[in-house]
Amino acid sequence: MSKKNVFIVGHEGTTGLRIHERLSGRGDINLLSIADEDRKDMTKIADIAAGADLIFLCLPDAASIEVVEATKDLNCKIIDASTAFRTHPDWAYGFPELGESYRQKIATNRYIANPGCHSSGMIAILKPLVEAGIVPADYPVSVFSLTGYSGGGKKMIGQYEDPEKEVALHAPRQYGLGQKHKHLPEVVHTCGLATSPIFSPIVDDYYAGMEVTIGFHTSHLNNNPTAKDIHDALLAQYKDSQMVNVAPFDLDATNGLFLAANENTDLDTMTLYVSGNDDRVMVHAIFDNLGKGASGAAVQCMNIALGFPEETGLAVK
C-alpha cells in the first residue's frame, strides 16, 4: 500500500500532539504540516487538506464546523475529535467495537466523529446491555467517572503541574455539577436511552487514565439478570475485539481488587470488569483518556478508514 497523506489540524493541542506521536514514526503515513502563522487561515487549511487522504480535526466545536464547511468540496476523509458531529446522522460514530455496521460506516463514510473520553466508557458498558434487552431504555442510569488531569487540555495540565499549585488540586475534584456535560447527548443517542444519566465526573491529581463505573440494581433490569448474565452480554459483544477486553468473570477475585484508573495508561485498549453481586452489579471501564478515550481511538478509526490493519501503530495489551 502506498503512503497516505494525513493532515492534523490543531496539532498543538493534547489530542493532536498524541495523534502526531502515534503517526510520526510510521512508514505508511506522510504527515502534512501547516505554518504556525497559518493555522487559523481557512484558505491555507483547505489548500493543504486538498492534498490529504485524511485530516484530523483537534479543535473546538465552532472551529471544526468551520473547517468542515471550508473543505466540503474536497475528497479527503475527516475525523473530528470535537463534540460537534457525534450525533449527526450523516457522520460515522468512531467506536467500531459496537458492531459491524459501525465498522463499515467508519470504513466507507467520508466523515467520522471520534467519541468523547467519558462517553467511551459509558457507551462501552451501556450499549451492549441495552441491545441485549437487559437494561431498559428508561433505566435511571447513574455514572461515576474518574479521570486524570490531561483530559482538561494544556491549561489544566499547567495548573496541575505547577509546583506551587493550590491545595485543592491535590485532592479529587468533582465537576459538571449542573448535569449538562457535553458528552451526555452522544451517550443518550448512541445507546438509545430515554433520558440522560446522572453523571458524576471527577478529576484527580494524576496525568492520565480513566475509570467509568455504572451500577445496576438487577431487580430493576429486565428478567432480573445475574452478574454473570451481564458479563456474558459484554463478552459476547467484545469477544473478537483487540481493543476492548472483558476481564474473566470471578466476582470474588474482582471484588478483592483495588481497581486503579491509571491501569491502562499509555495503552490504546479498554478493560471491562464486572463486580458486586447478583443484587447490585457494577461494571467498570478502565482506559487511557488520551488513548481509547481520544487519540488512540482516532488513529484506530483512521486505520479502518484508510484500509490499514486496525491495531497498526497502537499500544495493545
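Helices here are DSSP runs of H or I with at least four residues, and strands are E runs of at least two. You're looking at a predicted model, where local features need pLDDT of at least 70, side-chain atom pairs need 80 or more, and totals for chains, interfaces and linings use all residues. Numbering runs from 1 along each chain as its sequence is written, and side-chain values use heavy atoms, leaving out hydrogens and water.

Among the lining residues are Trp91, Tyr102, Lys105 and His189. By class, the lining has 5 nonpolar, 5 polar and 2 charged residues. (Nonpolar covers Ala, Val, Leu, Ile, Met, Phe, Trp, Tyr, Cys and Pro; charged covers Asp, Glu, Lys and Arg; the others, Gly among them, are polar.)

Next stop: helices H2 (residues 42–49) and H3 (residues 61–70). Select Met42, Ile45 and Ala46 in H2, and you'll find them meeting Ala63, Glu66, Val67 and Ala70 in H3, where contact means heavy atoms within 4.5 Å. That contact has 6 nonpolar, no polar and 1 charged residues.

Which helices each supply at least two residues of the lining of the largest pocket? H2 and H3 are among them, as are helix H1 (14–24) and helix H10 (291–306). That lining counts 20 nonpolar, 21 polar and 7 charged residues.

Technical notes
Axes are lines fitted to C-alpha atoms, for helices over the stretch in contact, and angles run from 0 to 180 degrees between N-to-C directions. On a 1 Å grid over the protein atoms alone, a cavity is a set of points where a 1.4 Å probe fits but cannot get out, and a pocket is an open set with protein on both sides within 12 Å along at least five of seven lines; lining residues have an atom within 4 Å of a point.
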